[in-house]
Amino acid sequence: MKRIIVLVLFTLSGYAFGQMKPEGKYDQSFPTFYQQRSSLFRVLPETKNDIIFLGNSITNGNEWNELFGDQTIKNRGISGDVTAGVLNRLDEVTSRKPSKIFLLIGVNDLAAGRVPDSVAKNIFLIADRIHRETPGTRLYVQSILPVNNTFNKFPSHLNKEEQIKQVDLLLEQGAADHQYTFINLYPSFTNAQQQLDTAFTNDGLHEKGRGYMLWKHMIYPYVYDLQAKPSVVPLPRSINWTNDLFPLYRCHYIVVTDTMFRSVAVGLQQLMQEKGLIAKISDHILNNGEPQIILEHQNTSTHAINEEAYRLQVNNNRVSIAAGTPHGCFNAVQTLAQLMRDNSVIDGVAITDYPAFNWRGYMVDVGRNFESIDLLKQQIEVMARYKLNVFHLHLTEDIAWRLQIKQYPQLTQADNMERNKGAFYTVDELKDLIKFCKERYITLIPEIDMPGHSAAFRRAFHCDMQSDSGMLIVKNILKEVCTEYDIPYLHIGGDEVKITNKNFLPAIIQFVHEYGKQTIAWSPGGNLEAATIRQLWMNKGSLDPRISYIDSRNLYINHMDPLESVISIFNHKIDDCDSGSVKKLGGILCLWPDRNVLKQEDLLTMNPVYPAMLTFAERSWKGGGFDDWHTDIIDSANFSAFENRLIDQQKQYFADVPFPYIKQSGIKWKLYGPYVNKGVLTAKFAPEKKGFRPGRQKYLPLTGATIILRHFWYPEVKGVLTKPIDSTTYYAVANIWSNRNTSALMWIGFYNISRSLPTPAPELNTWDNRSSEIWINGELIHPPHWARAGEKGNIENPLMDESYEYRAPTAVHMHQGWNQLMIKLPVGSFQSGNWENPVKWMFTAVFVKPSGQNFISDDQFTYSAN
């Protein structure tokens, strides 16, 4: 960036700004290095949707893709460049249609004598041209960084502090008019004298490694569309951010003051190693100012539930974790892992935390659909990351018995299984899984269902569990399970069966208790002893104060639409109380995939496992919730805040695994109706006719991408209609703004099929069996060509494309400006006459775009119900 080069550039700038032509026509007017870089950029492969860093030597000097570990990031910095040079070569950038551009330019302009107003205007020209040539690209204009005079280098750049501030102020003020996001880097790079801090530079102008690490930290949320501060799930009890910044990239020591935390320290060391950070474990605190993470044994009994409590504090040179138990320390490390989101710097924070409920669990039914050990471990890893601590494994079913019993090998013979024949867990595999859970402070609870759900048992022994011979076999099985495995609890099922032997369950419970294991059983269910913990699975009502309870009511995610699941679980008040007690232990989220699947991965694709799991982790840790069971957004502010954190988790940690969820708290609808259709579902009403003026009609305002008018478990589970009326039609209307004419993708659905019922597929050329329809700008959006159109439901036929989250999105066309989306929602009788196809009156409509293995909200569209 020599002075003579800058002066030559500005000799041309008056002409260049007014009459700049595309394709680098004036490259020859710029310095040799500029020409070299510009010509290189033009011959590189023209990839689309990249993130481009555009600027001068300060941008040029960084390896951006290595810094972020992201090959979609491209460096378009040229040493010595000015605003004229950027304009000259901008076509090479805009032709790539990047997803984002991060621009930092202007200090060389000031060095050449251009006034702040002119520099800002030239940057506005760049912004306007980017918006014109690639309207789908988001532009981020970064403030000019400070300089430092003490190095006596680059004399033309010295003493420009006030001019730099003036440019930055103009850029901040012009952001809205020129449609970019302004990022003010300047204050974070200054010292007490308001100059570039010498920790970040060795020449007064350019950044050293530390400077680039800070820069990365500051723009990280903009690069990946994250919240300004790290999003922690579950949200800690108390979290207070400070202005301190801990340099994680310079932290090489984990200090353990008590040997009980050694294993947690090793886990943290491994986590850091996975992030490319090397740290040693030490037993004494360093007093030399070296950045360090300290794990200390301290009393954290700030609450009745204190075994899992912890405190975490981050300042400029220390991360301090205090806990009374290894479990509490482990929880703190899970929080710390989320604070480390950019692997470079951690924001200063003070956290005090503990859970509302002791039991925060997740259950999978592997009896009906077998899951490999690897897939189970994947889910357990996620449980641990979000502080869930109970893994309930439903091992036996009518379809198959999945646990090896050494005394009775016939139980796991392929001939006695109806699905995944021959697939079961050996004794060693279950022991390994129990150990895997314990290492993550998770209790594994195996379930051997009895005396119901036991057809596999009957096929193996040709007798019923409740018979004398069956009861003897069951006791032998339980003896082996209780003596073979290191487990504190055994779930015995006990529901959905006719009790023919009233002594069966009491005798089994006594037998298990004699082996020192606590029993758990489903409720409602059979005749149980008071000492057995009840796992609630249906119906509200008063609870027996003598009995301990676990809540799984309305927590079966196999029945839930993905978008419904997050709202419903967020609203859920576990055990009908704000926090746990000796008798109200907590809850367990359940996955019951009754319907057959083509492959085990479909269990995560067709069920909202991870979105629901993270939401349940939040609710069970924080407590609270709302009375009754609601499927609509009740507390919009808190739900939106949680949803923002949930989406951050999706973007950061679930790109390569199914995570069927879309941000929906900003989607607004007007619901018109009811119009009485007298059972004629195709009847047309005012919203379909010309001259309909929505602004003059009464409507119900709604929020969300999935709207449930009436749940199939109404009135226990509530939709948006307080008193739904059958044989009526509603219309939902939303307006969507698009900056350009473009194609778009949508998730559209009218009945999210339960993965537990043999529901039939829709008829050809229909969205559902209610004659629902959807229009965009008056154009009918046609339903998919269903793979099994009109076929009768069969629990053994895997789902294919019946619900939006596991089929290709629907393509639609959007006009520039406002677009109207209208949905017709007729319903006939609520009495379907078929328990396998209950009436769930609902719709889903949301714009999406691909992101890794998943879809995310298409943020180029803005929703409005006005």
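User: What makes strand 27 and strand 32 a pair, and in which sense do they run?

Analyst: In this predicted model, strand 27 and strand 32 (residues 841-851) are joined by 5 bridges in the antiparallel sense; two strands count as paired when DSSP finds at least two bridges between them, so the label applies. Within this pairing, Trp 747 faces Val 846 of strand 32. Strand 27 is also joined by 5 bridges to strand 30 (residues 810-814), again antiparallel, and there Ser 743 has His 813 as its bridge partner. The strands and helices named here are DSSP runs, of E over at least two residues for strands and of H or I over at least four for helices, numbered from the N terminus.

User: Why is strand 27 described as mostly covered?

Analyst: Of the 8 residues in strand 27 (residues 742-749), 6 are buried, a term that means under 20% relative accessible area, with exposed over 50% and partly exposed in between (1.4 Å probe, protein chains only).

User: Is Asp 70 buried or exposed, and how do you know?

Analyst: Asp 70 has a relative accessibility of 13%, and therefore counts as buried. Asp 70 is placed in the loop between helix 4 (64-68) and strand 2 (73-77). Beyond neighbours within four places in sequence, Asp 70 is in contact (heavy atoms within 4.5 Å) with Asn 65 and Tyr 224. The C-alpha atoms of Asp 70 and Asp 50, which are 20 residues apart along the chain, lie 9.9 Å from each other.

User: Which strands stand at the edges of the open sheet, and what makes them edges?

Analyst: The open sheet has 5 strands in the order 2-1-3-4-5, with parallel pairing. Strand 2 and strand 5 (181-183) are the edges, because each has a single partner strand, and one side of each is therefore left without a neighbour in the sheet. Inside the sheet, strand 1 (residues 51-55) and strand 3 (residues 100-104) are joined in parallel by 5 bridges, with Ile 51 opposite Lys 100.

User: How many strands make up the closed barrel, and in what order do they run?

Analyst: The closed barrel contains 8 strands, running 13-14-15-16-17-18-19-20 with parallel pairing. As one of its pairings, strand 14 (residues 390-394) is linked to strand 15 (residues 443-450) by 5 bridges, and Phe 391 has Leu 444 as its bridge partner in strand 15.

User: Which residues touch the most other members of the largest nonpolar core?

Analyst: Phe 391 and Trp 669 do so, in a core of 167 residues. Helix 19 (residues 609-622) contributes the most to this core, with 8 residues. Another core, of 55 residues, lies apart from it and includes Leu 90, Ile 123, Tyr 140 and Tyr 220. Such a core is a set of buried Ala, Val, Leu, Ile, Met, Phe, Trp, Tyr and Cys residues joined through side-chain atoms within 4.5 Å.

User: Where does pLDDT stay under 50, and how does the chain score on average?

Analyst: pLDDT, the predictor's confidence in each residue from 0 to 100, averages 94 over the protein chain, and 96% of the residues score at least 70. Over residues 1-22 pLDDT stays under 50, although the model has 45 contacts for them beyond four places in sequence. Where pLDDT is low, the predicted coordinates should not be read in detail.

Residues are numbered from 1 along each chain as its sequence is written. Local features need pLDDT of at least 70 and side-chain atom pairs 80 or more, whereas totals for chains, interfaces and linings use all residues, and side-chain values use heavy atoms, leaving out hydrogens and water.
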